[in-house]
Amino acid sequence: MTMLPHIAAIGTEGYLVRFADRLDDAANRALVGFAAALEAEDIVGVVEVSTALASVFVRFDVTRIARADLVEKLQALLDSRDWTAERDNANARLWRVPTLYGGAAGPQLGEVAKLVGVTEEAAVRELSAARVRVLAIGFAPGQPYLGMLPERWDVPRQTALSPRVPQGALVLAVRQFNLFANETPTGWRHIATTHLKLFQPDAPQPFVLRPGDELLFPAVSEHDWALLETDPMGGAQLEEAT
């Protein structure tokens, strides 16, 4: 049985530092902290550090650092502390994103509420108060996977795709939210919509969110939500996480 965390070669120019075999909140917190520390090390020859749900991908320039030297540095960093005891949110940010639930903005809210066994009103109250973390960025530029929701929100993905959800759609499955950066088909259930533009290519930091950020999606009225349509941040408010 392979002990975790584990370093494995990926292709000719990469290594995968795997913290778990499947999504686990403690492992995800650990890998986010590890990735931040690795970037701070600024190892010569490392050209990319990317986090996923349960692992960190490290791409390197073979002309600038030898494989053995990189593995040694990665292992030394892994061994330098107990990453599961680290707080990945030492510099975390909390976003409050105004959200319109149900109706045309969330046509499958009722379906999700029924699967969970609550009313739509109760679903909105609970989901509005759910504080979730960016577990990973992926699928589209700047797009976050967000979790973990309480166990009763372990709603399965659909067996068929919805042909289209809009940019800013908040969707739900398997105890996670996903907030879509682009209009797209999806197998996740569409429960709400925001006006937050996650990918802003002309900004100094094109990705609005980063792994470890925390988010709340408070419900707002249709009138207040409509007023935010022209705001690139969709009315999202940023504060230091506590």
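Student: How many aromatic pairs does a search of the whole structure find?

Tutor: Keep in mind that this is a predicted model, where local features need pLDDT of at least 70, side-chain atom pairs count only at pLDDT 80 or more, and totals for chains, interfaces and linings use all residues. Residues are numbered from 1 along each chain as its sequence is written, and side-chain values use heavy atoms, leaving out hydrogens and water. Rings of Phe, Tyr and Trp (its six-membered ring) pair if their centres lie within 6.5 Å; planes under 30 degrees apart are stacked, over 60 edge-to-face, the rest tilted. The search turns up 7.

Student: How many residues apart in sequence are the parts that F139 and F180 tie together?

Tutor: These two rings sit edge-to-face, 6.2 Å centre to centre with 70° between the planes. F139 is in the loop between β7 and β8, and F180 is in the loop between β11 and β12, so the pair ties together parts whose separation is 41 residues. (Strands are DSSP runs of E, at least two residues, numbered from the N terminus.)

Student: Is F180 buried or exposed?

Tutor: Buried means under 20% relative accessible area, exposed over 50%, and partly exposed in between (1.4 Å probe, protein chains only). F180 has a relative accessible area of 4%, so F180 is buried.

Student: What kind of pair do Y145 and W188 form?

Tutor: Y145 belongs to strand β8 and W188 to the loop between β12 and β13, 43 residues apart. Their ring centres are 6.1 Å apart and the planes stand at 65°, so the pair is edge-to-face.

Notes
Helix = DSSP H or I, 4+ residues; strand = E, 2+ residues; numbered from the N terminus.
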